[in-house]
Amino acid sequence: MSRQDDFERGLANRRAVLGDEWVQRSLDRATTFTADYQNMITRYAWHDIWSRPGLPHKARRMMVLAVTLSLGRWEEFELHVRAALTAADDSRLTPDELKEVLLQNAIYAGVPAANTAFNLAQAILREVAAQIGYDLAPADPRQADLFAGPG
């Protein structure tokens, strides 16, 4: 397998996870300064790591969300939230699964980071709710029950 094969396999993974539009925009913005970087992350991150058989893409998505939330890498967080909610395959996260990832990370990454994450994720949910068949309706926090499960 050649480095070009690794790039093409990585590009296929990258497109599957992030969507064609986002990836094409990244490739179209490449310059003589950034092309080597785009090549490197496509081969190493998107082929060498995302192609490993040890974890399903859904688990990898959750990990990326947790890390980007923890590090406050909000542009990447938003990218991966949108991709996770709108994925066309079994790596798609439901809004309830996303909520669980954010709740878990509120404990380990802190409430200020979780505040930002919930606000950003909710804004994205507002944009994609109809597309994914989700009813983002008003709710009374006094009636919420963390132990009742998703819903």
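First, the ground rules. The model is predicted, so to speak of local features we need pLDDT of at least 70, side-chain atom pairs count only at pLDDT 80 or more, and totals for chains, interfaces and linings use all residues. Numbering runs from 1 along each chain as its sequence is written, and side-chain values use heavy atoms, without hydrogens or water.

Now the fold. We have seven helices and zero strands. Those are DSSP runs, H or I of at least four residues for helices, E of at least two for strands, numbered from the N terminus. The order along the sequence is α-α-α-α-α-α-α. The C-alpha trace spans about 55 × 30 × 30 Å along its principal axes.

Of the 151 residues, 34% are buried, meaning under 20% relative accessible area with a 1.4 Å probe, protein chains only. Take contacts, heavy atoms within 4.5 Å, between residues at least 6 apart in sequence: 64% join residues at least 24 apart.

On to the helix pair. Which angle do H5 and H7 make? About 35°, with the axes 10 Å apart. Axes are lines fitted to C-alpha atoms over the stretch in contact, and angles run from 0 to 180 degrees between N-to-C directions. H5 covers residues 74-86 and H7 covers residues 111-132. The crossing is right-handed: the near helix is turned clockwise from the far one by less than a right angle. Contact residues include Trp-74, Phe-77 and Val-81 of H5, and Leu-120, Ile-124 and Val-128 of H7.

Notes
Buried means under 20% relative accessible area, exposed over 50%, partly exposed in between (1.4 Å probe, protein chains only).
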